[in-house]
Structure formats: C-alpha cells, structure tokens
Amino acid sequence: MTVVLPLHDTLTARQAEHVVRQHAREAAQWQLTDLFGHDPGRFDHLSLQACGLLVDFSKQRITQETLSLLRALARERGLDRWIQCLFQGKEVNWTESRPAMHWRLREDAEQAPEVDAQLVLMERIVERLHSGQWRGCQGDAITDVVNIGVGGSDLGPLMASVALHEHYPAVGVRPRVHFVSSMDGSQIAPLLDELNPATTLMVVSSKSFTTVDTLSNAATARAWLERAFPDMNGAVPRCHFIGVSAQPERMTSWGIHPDNQLRLWDWVGGRYSLWSAIGLPIALTTGMDYFRELLAGAHDMDVHFRDTPWERNVPVTHGLVDVWNLNFLDITARAVLPYDGRLKHFPAYVEQLEMESNGKSVTRDGSTVTHHTCPVIWGEVGPNAQHAFYQLLHQGTQPVACEFIVAARHGRRNGNSAELQPLEDQHRLTVANCLAQSRLLALGESALPPNEPLPAFMHYRGNQPSTTIMLEALSPRQLGALVALYEHKVFVQAVLWGINPFDQWGVEMGKRIAKDMVKVLDTGEGAEGLDVSTASLADYVRQLQEN
C-alpha cells in the first residue's frame, strides 16, 4: 500500500519551521561555555540512555527549548505517522513501490519465518565451515573465505566483522575472512596470490546479481579456481562458491549451485542488509550465537525507536539535532570519530548509510528541495584523526559538528588478567583523549588551566558542537543497537526533509553511463556524442592501451 501523508510544506509545518528559525537566530549567538555555566544540570537534561548506549547531546548548541521546538516541527512533518508506516510494512520507498523492512530481519522467528529460514541455512553453512566439514573440490578443509561484494554487500559485513573480531565462535576453528570490492582488480589480484585455491571459498554477494564490480571480481575468482583445477570445472562452483542475492535464477545461471544459495528480499536495501545473509562473513567471524546477539541489539533499538516517547527517544533526538545543525545553524560538515580501533570502518559505513540515503534533491511531491538534505560526512579513528584533521576542527575557519563514539570498557573476552591489564590501561588513555577532545572543541580556551595566556596562533575558539555516544562495551548486542540507531536517525532526517532515504537513483545512473563508456574505451564507438573532455580522455587511454 502506497503511503499517503501530508506533504512537508503544509501550513502548520511552515509555521513550526518559522518558530524554529526565530529560535535559531537567537541560538547563533550562544556559546557552549555560557550554556554550561547557566545550567549545572545540563548533562542530565540533555543525555539519554537506551539499549546499552549513553548518548550525550549536552555539548550541542541546544537547550531543552530547542528540542521541544524541533519535536513540534517533527510532529507537523508527520514523523509519528511515518514511523508507524515504516513498521507496518507500507511503501515508504515510494519511488520503487516497496516497503523498507530491514527491521524485519532482526525480529523473532515467529514474526519473520522466511527470515528465520534463511538464518537456519546460514547457520548450517557456518557450522560446516567452523567444523572443517566444508571441503574444496580436492577434499581439503576450507581455511579462507573471500567475500566479493561492493557497497552495502561489502562495507556492512566488513565493518562488523572487524569490530567483532575478538568474539570467537564457541567451538571449531573459524576461517580467515577477506573482503574485495574494487572493480579494478587491485584488491583481488594480490589476495589470490597469497591464497591456496584448494582451501578457499568465495562468497558472491549482490542483491541484483548484476553489479559489474562484483561480477567482475567473481569472474576473476572463478577463472583462478578453474586454472587450478582444469579437470574439475564442474565441481568448482559447488565446492568453492556461495551466492547471496534476491535473484536465485541469476545465481544459478552464473553457475552457483542451488544448495549454495542464500536469499534476501527486494524490501531490503543494500546498505541496510548486513542483518541478512549478506552478514555471512560476520557470522563466520563470530559464530551464529554472536550474530544473533547482533540482531537482538538492533531489535532492541527498533522497539525503542517505535515505542518510546520522543522526549526519551534516542534516534529521534539524534536526527533532530543533526537537522538543527545543518538546516538552522548552517553547519554543513560532520566528522564521525570512533575512539576504538575496532571501529575503524565505522566512519565509512556511516558515510554510505547517510549520504547514499539522504543525498537527495527532490521531495515527495517531485519538487526541488530548498534546503540542505545531508551534511558532508567523513571520519577516522579518533587517535589517528588527532594527528591529522583535528587541526582544522580546533583552529580552522569553518564549523564542523562531531560525533565521538567510545566504549566505557574495552570488553576484550579472551586472555588472563595479566595479559589484559596493558590493554585496559591503553583503553583508559583512549577514553581520556576522547573526553578531552570533545571538551576542548566545546569550551575552547576555557577548558585549559586558568591564567595561561596564549599567543594568537595557539587560540582555541571552541563552540564546536559534538555528540558523544558511549557504549558500555563493544559487544555484538551493543554494536547492533549502535548501527540501528544510525539507521533510524537517517529515517527521522528524511521525514523532516521530505525525501526518500531508501532509493539511490544517482548510483544507478552512474552504473549505466559506465557501461556505455566501456564501448568508447574499447572501440571508440559512441565517442562522437561525448563532451570534448571525456572524449579526449577516452581517446588518450585507448591510444596508450593499443601501443
């Protein structure tokens, strides 16, 4: 059923936005040092807890009144009804006439039997690999698994597999898991040089099973295996390939045996798919018990988002604060800064999730937007970033909103206390840096010891807003809650901006044009219709390749 709700530019919504803009004109003069000085209970008023996460908004340039006005704006935009539509499976992805039911991937088996059926198949595969029972075409146990995907079929599994690498399966031996996504072969070629084809399994993950990047790498992997086993070509696909897709016919046509196929559905967007069989590399890293814990943490956040009043609702508040920064304070950049090396791929994951979802310029009624719809997002592991772009954050000329992500405890599972103590000491130092940096960004020189005059080139202006997200520990359940928090925050923002966060037509058009360009590079056919720059560059490449 197509969702029909009031458009974002109704009279009451415009009135609510006008009130927020009046408030923002006052807020433009606020200093965080003054806000903290005037309200000793600011942290208590502007921090929330849910699903093992503590989220501190007190270093944002907001007050309780700001949030109240933003919630009123969200009500006029119909956010409450859009949340209902999301969880009722209505066509919130209206440009593709689909629901967006990634939340269904983490429901109980009784509520989502088709999802549970795929998880059961996935568990059998995981158990076979961990027990050494999955054999290559010469009878060798698999030791290495290569995930071949791109975008959501790569970034989500990669991010979570690295983040949860210390969580071992309860029994058996896990294979080494590798990831390749680049279509130019620069990742897969050196990797294959290091692997033994007799003990290597390929996982080809593509929702459509037409993605050129993924199929190019898969073809290279198949050719590598067929060269190694020239007399066993029939056994190669069955023993050395698993497919994950919403298109089983295409998997079969490509050569993946039906017994080695895992399914997902059209109502799952690629960047929302790590909870499905696309997450097989995560389960191979952690075991299925921990993978189900990851799902459970996301489900916890789903329930919180759906059922909690907005005053205590973390994804709603997070989304409103980001809209406030972008559209009312005109802060057009945001840095995502995890203070944990295990989350080193999280900034890239957030970049894709947010910019692919909300990098849109057309509203629900087909009109051009008149406001920003997504900030420019980048990030890096905090301690590395401190020695790189923090110079710009502290003393640059433009405002940047920041998100600090840190675990209160390191939470490493393995090792005795003597082995773990150095890690705990390092973790404490990392947390100290995280808190110190957010404090300095917010308060500037007032965060420094008093009576310490500084020359102009050492001036710290402060007043840079930030949110701190603190996990109790980096566990599968809390990582699941963290990722789901960002998913739902993106939805909140999209509703206020009046856009569809679940399509990606800009990506699709780029793929289509790239296919046409291959002909130009091969033969020159079609060059006459190109602009002079592109035609000349293509001609230069073709000449070099021919010589």
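Is Glu123 buried, partly exposed or exposed? At 21% relative accessibility, Glu123 counts as partly exposed; here buried means under 20% relative accessible area, exposed means over 50%, and partly exposed lies in between, with a 1.4 Å probe and protein chains only.

Before the tour begins, some notes on the model are in order. This is a predicted model, in which local features need pLDDT of at least 70 and side-chain atom pairs count only at pLDDT 80 or more, while totals for chains, interfaces and linings use all residues. Residues are numbered from 1 along each chain as its sequence is written, and side-chain values use heavy atoms, with hydrogens and water left out.

**Stop 1: Glu123 and Arg292**

Select Glu123 together with Arg292. The two form a salt bridge, with their closest N and O atoms 3.3 Å apart; a salt bridge is a side-chain nitrogen of Lys or Arg within 4 Å of a carboxyl oxygen of Asp or Glu. Glu123 lies in helix 6 and Arg292 in helix 13, so the pair ties together parts that are 169 residues apart in sequence. Helices (H or I, at least four residues) and strands (E, at least two) are DSSP runs, numbered from the N terminus. Arg292 is partly exposed, with a relative accessible area of 29%.

**Stop 2: Glu114 and Arg104**

Remain in helix 6, which covers residues 113-130, and select Glu114. Its partner in a salt bridge is Arg104, and the closest N and O atoms are 2.9 Å apart. Arg104 lies in the loop between helix 5 (79-87) and helix 6, whereas Glu114 is in helix 6, so this pair ties together parts that are ten residues apart in sequence. Arg104 counts as buried at 18% relative accessibility, while Glu114 counts as partly exposed at 28%. Now display the surroundings of Glu114: leaving aside neighbours within four places in sequence, Glu114 is in contact with Arg104, Trp265 and Trp267, where contact means heavy atoms within 4.5 Å. For a distance across the model, select the C-alpha atoms of Glu114 and Glu249; they are separated by 18 Å, and the residues are 135 apart along the chain.

**Stop 3**

Select residues 64-76, which form helix 4. This helix has 13 residues and reaches 19 Å from its first C-alpha to its last, close to the 18 Å expected at 1.5 Å a residue; the expected span is 1.5 Å times one less than the number of residues. Which residues of helix 4 are buried? They are Thr66, Leu67, Leu69, Leu70, Arg71, Leu73 and Ala74. Helix 4 is followed by Gly78, whose phi is positive, near 85°.

Glu311 forms a salt bridge with Arg71, the closest N and O atoms being 3.9 Å apart. Glu311 lies in the loop between helix 13 and helix 14 (314-328), and Arg71 lies in helix 4, so the pair ties together parts that are 240 residues apart in sequence. The two partners can be compared by colouring them: Glu311 is partly exposed, with a relative accessible area of 47%, and Arg71 is buried, with a relative accessible area of 12%.

**Stop 4**

Select His304, which is found in helix 13 (residues 288-307). His304 is buried, with a relative accessible area of 10%. Its side chain reaches the backbone nitrogen of Val314 at 3.0 Å. Not counting residues up to four places away in sequence, His304 touches Ala50, Cys51, Arg312, Asn313, Val314 and Pro315.

From this list, proceed to Cys51, which is in the loop between strand 1 (47-50) and strand 2 (53-56). Its phi is near 55°, a positive value in a residue other than glycine. Cys51 counts as partly exposed, at 26% relative accessibility.

**Stop 5: Phe209**

Select Phe209, in the loop between strand 5 (200-205) and helix 9 (212-228). The phi of Phe209 is near 55°, a positive value in a residue other than glycine. At 4% relative accessibility, Phe209 counts as buried.

**Stop 6: The salt bridges as a set**

How many salt bridges does the structure hold? There are 28. To view a network of salt bridges, select Asp322, Arg334, Glu354, Glu403 and Lys489, which are linked in this way.

**Stop 7: Val541**

Finish by selecting Val541, in helix 21 (residues 532-546). Val541 is partly exposed, with a relative accessible area of 31%.

Methods: A polar contact is a pair of N or O atoms within 3.5 Å; within protein, one must be able to donate a hydrogen and the other to accept it, and residues adjacent in sequence count only if both atoms are side-chain atoms.
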